[in-house]
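Hi,

Here is the structure I promised to pass on.

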Amino acid sequence: MQTGQRRRRDNPPPRTANTETEVLRGFLDYLRTSIAAKVDGAPEPMARSSPVASGTTLLGLLNHLTNVERWIFLGDDVTDWPATFTVEPSDTGADVVARYREVVERANEVLDGCTDLAASLPRSPSGRSAPTVRWALTHMIEETGRHAGHADILRELIDGTTGR
């Protein structure tokens with residue numbers, strides 16, 4: 001381990017029950033918890049600055065995922081996806097993490113009412129047909145996992161913190 005590098009406890013993938021719904025929701029919640037923990041406590045202002053050429057930031061990643069959760073599960077309309085990767089200057093890291101966790105809680109309340117993975121979600125973005133619950137869960141696992149990987153690298157570049 002390099003000097004200054006901190007290792008977080010490396011949590012293994014979740015052990016879930018055997019139904020498809022429990023497996024999908026278990027892995028999604030695992031990834032949600034992982035990325036929120038990766039952003040939580042990241043030093044300001046480095047959490048809003050980018051150590052990579054693309055301009056990607058830790059806070060921007062979590063803000064984007066907040067908007068994706070709201071779009072998929074709560075039916076909110078998002079018209080400018082690139083803008084979801086930025087945060088307001090007045091937002092702290094704690095604000096962004098709290099907003100994400102609150103949206104995840106609301107999304108889980110919607111999912112609690114969905115008993116059939118083949119059924120459409122009860123809410124959809126305006127003017128579009130709602131995806132199936134199965135598709136939405138699978139997409140959110142892919143989306144959250146992809147950005148959790150980005151967050152792993154950004155956090156290590158920022159302050160040396162590694163692990164899930």
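**What I found**

Among contacts in the protein between residues at least 6 apart in sequence, 70% join residues at least 24 apart (contact means heavy atoms within 4.5 Å). Before you go further: this is a predicted model, where local features need pLDDT of at least 70 and side-chain atom pairs count only at pLDDT 80 or more, while totals for chains, interfaces and linings use all residues. Residues are numbered from 1 along each chain as its sequence is written, and side-chain values use heavy atoms, with hydrogens and water left out.

The overall layout is four helices and two strands, in the order β-α-α-α-α-β along the sequence. Helices (H or I, at least four residues) and strands (E, at least two) are DSSP runs, numbered from the N terminus. Of the 164 residues, 42% count as buried; buried is under 20% relative accessible area, exposed is over 50%, and partly exposed is in between (1.4 Å probe, protein chains only).

Now the helix pair. The axes of H1 and H3 (residues 93-112) come within 10 Å and cross at roughly 170 degrees, which means H1 runs roughly antiparallel to H3. Axes here are lines fitted to C-alpha atoms, for helices over the stretch in contact, with angles from 0 to 180 degrees between N-to-C directions; under 35 degrees is roughly parallel, over 145 roughly antiparallel, 65 to 115 roughly perpendicular and the rest oblique. Residues making the contact include Arg25, Asp29 and Arg32 of H1, and Tyr100, Val104 and Asn108 of H3.

Asn108 is worth a click. Asn108 counts as buried because its relative accessibility is 16%. Its side chain makes a polar contact of 2.8 Å with that of Arg32 (a pair of N or O atoms within 3.5 Å; within protein, one must be able to donate a hydrogen and the other to accept it, and residues adjacent in sequence count only if both atoms are side-chain atoms). Leaving aside neighbours within four places in sequence, Asn108 is in contact with Arg25, Asp29 and Arg32.

Then there is Ser54, in the loop between H1 (20-39) and H2 (58-74). Ser54 has a relative accessible area of 60%, so it is exposed, and its side chain has a polar contact of 2.8 Å with the side chain of Thr56.

As for H2, 16 of its 17 residues are buried. Gly75 follows H2 and has a positive phi, near 80 degrees.

Cheers
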